[in-house]
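Look over the structure first, then read the points below.

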Amino acid sequence: MPKLYEIVEKQDLVPGMALFHVYAPMAAKNMKPGQFIILRVSANGERIPISISGWDAEKGTVRIIIMAAGRTSTEAVALKQGDCFQDVVGPLGEETHVEKLKGTAVVIGGGYGTGAVMPPARAMKAMGNRVVGIIGARSKDLVLLEKEMREVCDEVIVCTNDGSQGVKGFVTDGLAGLMEKEDVQWVLAVGPVPMMQAVGNMTKPKKVKTFVSLNAIMVDGTGMCGACRVTVGGKTKFACFHGPDFDAHEVNFEELMLRQKMFVTQEKIAMEKLQEVK
Ligand SMILES: Cc1cc2nc3c(=O)[nH]c(=O)nc-3n(C[C@H](O)[C@H](O)[C@H](O)COP(=O)(O)OP(=O)(O)OC[C@H]3O[C@@H](n4cnc5c(N)ncnc54)[C@H](O)[C@@H]3O)c2cc1C
Ligand code: FES
C-alpha cells in the first residue's frame, strides 16, 4: 500500500512539465470530470490548485500534470517517484456540464489543459457524442498526450505554431477548420487565458455553447477567502466554488489577466530564494 500522497508513478513529459499518479484515495473516490485538487509540496509551502487528468478509484490514485511556472510548481516537478506531497485536498469545484448533443463536441487543450480536458471528453463520449480533441503546442516535440487524447476522442487535430505537425497555427485555426466542416455545438477549452479568450471570441458569433476553466489565483479553494474572484456575466463569482468552468462568452478575461499578475514581485522573489537554496 503506498503512503498517503505518495507519487506512485512519474513521467517527464517535456522539459518543465511532468505527469504524476498520486495516492490520494479520498480524492480519487469522489472525483468528477472538470474538478481539481489543491496540493502542497511541503509543510511551509503554498497551496497550488491543479486540474485532474484522470483517476483510479480502486487504486486510490489521481493523475495530474504540473508545469513549472514558479517556485512551488518547480519544486513539485522536481519530486520523484516514491516522494510524497505534503497534502492533497479535493475534489474541489463543480463538475463540467455534459449533455447529449445532435452535433459535435470539441475539447481544446493547451499545455496542462490537454490533461484537464480528458475526463470531460471521456464523459461526453460515454453519452454517445462525437468528440473531437484539439491540442496545441509550439512545435511537434512539445505536443503533449496525443496518444491518450486519441483514446478518449473520435478524432484529434494537432496544431503547431511552426507547422511541424498537423495544422500550422493555433488551436483556433484547428477549430475554425472544424467549424466549417461540422456542426460544432459544444466546446470546452482549458489552457492559457489568451487561448481560452480566443476560443470564446471565435464561437460567440455562432452561439456555440463554450466553457472555459478559469485558472484564477486561489487560496482556500472552497469559496471562503475571495482570492479567486472573477466576473462572469457582470456578476462576481468564485472560480473555485462556482467554477472552475464558466460560459466563455460571459467571462471578463481582461480582469482575470490583471488579477493573475497581482503578485509578480513576490513570485519573482520566491523564485530567486529557490535558486539561492539550490
Ligand atoms: C483550477 C485551476 C487548475 C489548475 N490546474 C493546473 C494544472 O493542472 N497544472 C498546472 O501546472 N497548473 C495548474 N494551474 C495553475 C497553477 O495553480 C499555478 O501555475 C501555480 O499555482 C503556480 O504557483 P507557483 O508558486 O509555481 O508560481 P508563482 O510564481 O507563484 O506564480 C506563477 C503564476 O501562476 C499563477 N498562480 C500563482 N499562485 C497561484 C495560485 N495559488 N492559484 C492559481 N494560480 C496561481 C499566477 O498567475 C502567477 O502569476 C491551475 C490553476 C487553477 C486555478
Ligand atoms: S480560493 Fe478562496 S474563494 Fe476561491
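**Ligand site and cysteines**

Ligand 1 lies between domain 1 (7-92) and domain 2 (104-260), because both domains give residues to the shell around it. The model is predicted.

**Shell around ligand 1**
- The shell holds 23 residues, and Glu46, Pro49, Ile65, Met67 and Ser73 come nearest to ligand 1.
- By class, the shell residues split into 13 nonpolar, 6 polar and 4 charged.
- At least two shell residues come from each of β4 (48-51), β6 (61-67) and α2 (71-77).
- β4 gives the most, with 4 residues.

**Polar contacts and cover**
- Methionine 67 places a backbone N or O atom 2.7 Å from an oxygen atom of ligand 1.
- Methionine 218 also uses a backbone N or O atom, which lies 2.8 Å from a nitrogen atom of ligand 1.
- Glutamate 267 uses its side chain: a polar atom there lies 3.0 Å from an oxygen atom of ligand 1.

**Cysteines**
- How many disulfides does a search of the whole structure find? The search finds 0.
- Cysteine 225 has 43% relative accessibility, so it counts as partly exposed.
- Cysteine 228 has a relative accessible area of 2%, so it is buried; the cut-off for buried is under 20%.

Methods: Residues numbered from 1 in each chain as written. Chains lettered and ligands numbered in written order. Predicted model: local features only at pLDDT ≥ 70, side-chain atom pairs only at ≥ 80, totals over all residues. Heavy atoms only, no water. Disulfide = S-S within 2.5 Å. Buried < 20%, exposed > 50% of the residue type's maximum accessible area, 1.4 Å probe, protein only. Near = heavy atom within 4 Å. Polar contact = N/O pair within 3.5 Å; in protein donor to acceptor, adjacent residues only side chain to side chain. Nonpolar A, V, L, I, M, F, W, Y, C, P; charged D, E, K, R; others polar. Domains from an automatic or database assignment.
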